[in-house]
Amino acid sequence: MEFDQNRAGKPFSVTLLDMFRAGAAMIVRWHKRRTSRAALNALTDAQLHDIGLTRHDVRRRER
């Protein structure tokens, strides 16, 4: 195998735009988790039991 065939096609570089996109994606994921936890907290214990969760499971996932 030649050296050129073993080399990565694109050099690694992180631009400011890449960092912004990664930060924005992290905020979106955090917001989705936050709204999901709020929705689970609004359910009754019987509703949580129907989907296979307990109140303890919901609290544990908050951290």
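## Basis of the model

The model is predicted: local features need pLDDT of at least 70, side-chain atom pairs count only at pLDDT 80 or more, and totals for chains, interfaces and linings use all residues. Residues are numbered from 1 along each chain as its sequence is written, and side-chain values use heavy atoms, with hydrogens and water left out.

The pLDDT, the predictor's confidence in each residue from 0 to 100, averages 85 over the protein, and 76% of the residues score at least 70. Among the elements, helix α1 (residues 3–6) has the lowest mean pLDDT, 61, whereas α3 has the highest, 95. Where pLDDT is low, the predicted coordinates should not be read in detail.

## Fold and annotation

The protein contains four helices and zero strands, and its elements follow the order α-α-α-α from the N terminus. Helices (H or I, at least four residues) and strands (E, at least two) are DSSP runs, numbered from the N terminus.

An unreviewed UniProt entry places the feature "domain: YjiS-like" at residues 25–59. UniProt positions are given in the numbering used here, feature names are shortened, and annotations may be inferred rather than shown by experiment. Over residues 25–59 the chain is 83% helix and 0% strand, with the end C-alpha atoms 24 Å apart.

## Surface and burial

The accessible surface of the protein comes to about 5900 Å², and 59% of that surface belongs to carbon and sulfur atoms. These areas come from the Shrake-Rupley method with a 1.4 Å probe; for residues, only the protein chains shown count as cover. Of the 63 residues in the protein, 8% are buried. Buried means under 20% relative accessible area, exposed over 50%, and partly exposed in between (1.4 Å probe, protein chains only).

Val 14, Leu 16 and Met 19 make a nonpolar surface patch of about 330 Å². Met 19 belongs to helix α2 (residues 16–42). Patches are made of residues with over 30% relative accessible area and no salt bridge; like charges are joined within 9 Å, and nonpolar side chains (Val, Leu, Ile, Met, Phe, Trp, Tyr) within 5 Å.

Side chains of opposite charge can pair when their charged atoms come close. The structure holds two salt bridges, each defined as a side-chain nitrogen of Lys or Arg within 4 Å of a carboxyl oxygen of Asp or Glu. In one of them, Asp 45 pairs with Arg 55, and the closest N and O atoms are 3.0 Å apart. Asp 45 lies in helix α3 (residues 45–50) and Arg 55 in helix α4, so this pair ties together parts that are ten residues apart in sequence. Arg 55 is partly exposed, at 21% relative accessibility.

Asp 57 also forms a salt bridge, with Arg 60, where the closest N and O atoms are 2.8 Å apart. The two residues are three apart in helix α4, so about one helical turn separates Asp 57 from Arg 60. Asp 57 is located in helix α4 (residues 55–62) and is buried at 13% relative accessible area, whereas Arg 60 is partly exposed at 44%. A polar atom of the Asp 57 side chain lies 3.0 Å from the backbone nitrogen of Thr 54. A polar contact is a pair of N or O atoms within 3.5 Å; within protein, one must be able to donate a hydrogen and the other to accept it, and residues adjacent in sequence count only if both atoms are side-chain atoms.

## Distances between helices

Ser 36 is part of helix α2 and is partly exposed, with a relative accessible area of 41%. Its side chain reaches the backbone oxygen of Lys 32 at 2.9 Å. Ser 36 and Val 58 are 22 residues apart in sequence, and their C-alpha atoms are 9.9 Å apart in space.

Arg 59 is found in helix α4 and is partly exposed at 45% relative accessible area. The C-alpha atoms of Arg 59 and Asn 41 are separated by 8.3 Å, although the residues are 18 apart along the chain.
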